[in-house]
Amino acid sequence: MFTGIIESVGTLRKIQRLGDDIRLTVASHKLDLSDVRLGDSIATNGVCLTVVECLCDGYVADISAETVGLTGFAHYQVGTKVNLEKAVTPTTRLGGHMVSGHVDGVASVVDRQFRGKAIEFWLTAPVELAKYIAHKGSITIDGVSLTVNDVQDNRFRLTIVPHTAGETTLESLKAGDKVNIEVDLIARHLERLMTYSNKEPSQPESNVTMDLLARSGFLR
């Protein structure tokens, strides 16, 4: 689990193709790896990766073919900058929102403008993910926890304050770029809760939904 608060920007040092899979070597720069062990998770541009080798200034991780197909890693090159965040601990401050590191898809930047000192982006998401993106809701862009400031169909607007821009890769984004997105976990679970049916044939669908909501604590 992650928070979407980026700790460092790293660089892809090596990309090794293993059939349809990829093995990455990431230079972590200022990320503190003193407490990282084999098997630990590090979010790399929003993708939860398992450390398979620890280096003095980075780590090695494997990416499955499924993850490659759902993320921007299929197009990354040696030298690409990536946002890094270690997994949370029980004492970590939850400064962003609950992020799983399981990317849902890729969005496209369609416009970039300055609004004062902040950068305003408009992006388009895959149509099937648009229903999970809400005005003033949370979304993860390349691992960064952000607030959605406007939604129009499958387009949405983000405003990036100078601190966030300077501490992440978002400052370099331009129209046409692709980014990894993870929609809000709660929205996904609520949809499953509302649509899953585990009822007797004679039991009305609405009663099943209300019963599930009540037992989950959403109805008090």
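Within strand β12, Val179 is the bridge partner of Ala107. The structure is a predicted model, in which local features require pLDDT of at least 70 and side-chain atom pairs count only at pLDDT 80 or more, while totals for chains, interfaces and linings use all residues. Residues are numbered from 1 along each chain as its sequence is written, and side-chain values rest on heavy atoms, with hydrogens and water left out. Strand β7 (residues 105–115) pairs with β12 in the antiparallel sense over four bridges, pairing being assigned where DSSP finds at least two bridges between two strands. Strands are DSSP runs of E of at least two residues, numbered from the N terminus.

Strand β12 also runs antiparallel to strand β9 (residues 138–141), to which two bridges join it. Here Thr140 has Glu182 of β12 as its bridge partner. Strand β12 spans residues 178–182 and is mostly covered, with four of its five residues buried; buried denotes under 20% relative accessible area, exposed over 50% and partly exposed the range in between (1.4 Å probe, protein chains only).

Grid points are joined across faces, edges and corners, and a volume is the space filled by probe spheres set on the points. The largest pocket holds about 340 Å³ of space. Its lining comprises 13 residues, of which Tyr76, Thr80, Leu173, Asp177 and Lys178 are the closest to its centre. By class, two of the lining residues are nonpolar, six polar and five charged, where Ala, Val, Leu, Ile, Met, Phe, Trp, Tyr, Cys and Pro count as nonpolar, Asp, Glu, Lys and Arg as charged, and the others, Gly among them, as polar.

One cavity of 30 Å³ or more was found, and the largest cavity has a volume of about 30 Å³. The residues lining this cavity are Phe121, Leu123, Ile141, Leu146, Leu158, Ile160, Leu170 and Leu173. Strands β8 (118–124) and β11 (155–160) are the elements that give two or more residues to this lining. The lining of the largest cavity consists of eight nonpolar residues, with no polar and no charged ones.

Key:
On a 1 Å grid over the protein atoms alone, a cavity is a set of points where a 1.4 Å probe fits but cannot get out, and a pocket is an open set with protein on both sides within 12 Å along at least five of seven lines; lining residues have an atom within 4 Å of a point.
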